[in-house]
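Biologist: I am new to this one. Show me the model, and I will ask how you know what you say.

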Amino acid sequence: NFVLEDGVLVEGGENQKLVMSLLPAMAFYLGASQMSKYEGSQQGINWDNIGEGPFPFTYTLGMLTFDIALYIFLAWYLEQIVPADFGLQRK
């Protein structure tokens, strides 16, 4: 169960957030939320604290990278399978 409080995702475990991060917009939201917390405390995200917290910023970067690879693969696969106006359909 996900609940937003002041624009921050307050409920949901790490695994739930990882699953929701399969949607790139959600992964970006979680990363932007994490960045705003660090920027609000005048600390910023740097190499010392990039892996801190219940859902670290490194998870966001990893999930965005995974999303890129997943959607490139899906685009390639569907391009091969879905019939087009010209050419032969591959099986």
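Modeller: Start with a definition: accessible areas come from the Shrake-Rupley method with a 1.4 Å probe. By that method the protein chain exposes about 6,800 Å². Carbon and sulfur atoms supply 63% of that area. Keep in mind that this is a predicted model.

Biologist: What makes up the protein chain, and in which order do the elements run?
Modeller: The protein chain has 3 helices and 2 strands. From the N terminus on, the order is β-β-α-α-α.

Biologist: How do you know that the span of helix H2 agrees with its number of residues?
Modeller: The expected span is 1.5 Å times one less than the number of residues. H2 covers residues 24-40, which is 17 residues, so it should span 24 Å. Its end C-alpha atoms are 24 Å apart, and therefore the two agree.

Biologist: Which residues of H2 are called buried, and why?
Modeller: Buried means under 20% relative accessible area. Met26, Ala27, Leu30, Gly31, Ser33, Gln34 and Tyr38 of H2 are buried. They cover an arc of only 155 degrees around the axis, so they lie on the same side of H2.

Biologist: What is on the other side of H2?
Modeller: Exposed residues: Ala25, Phe28, Glu39 and Gly40. Exposed means over 50% relative accessible area.

Biologist: What follows H2?
Modeller: Gln42, with a positive phi near 60 degrees.

Biologist: How much of the protein chain counts as buried?
Modeller: Of its 91 residues, 22% count as buried.

How values were computed: Residues are numbered from 1 along each chain as its sequence is written. This is a predicted model: local features need pLDDT of at least 70, side-chain atom pairs count only at pLDDT 80 or more; totals for chains, interfaces and linings use all residues. Side-chain values use heavy atoms; hydrogens and water are left out. Helices (H or I, at least four residues) and strands (E, at least two) are DSSP runs, numbered from the N terminus. Buried means under 20% relative accessible area, exposed over 50%, partly exposed in between (1.4 Å probe, protein chains only). The arc is that of the directions from the helix axis to the C-beta atoms.
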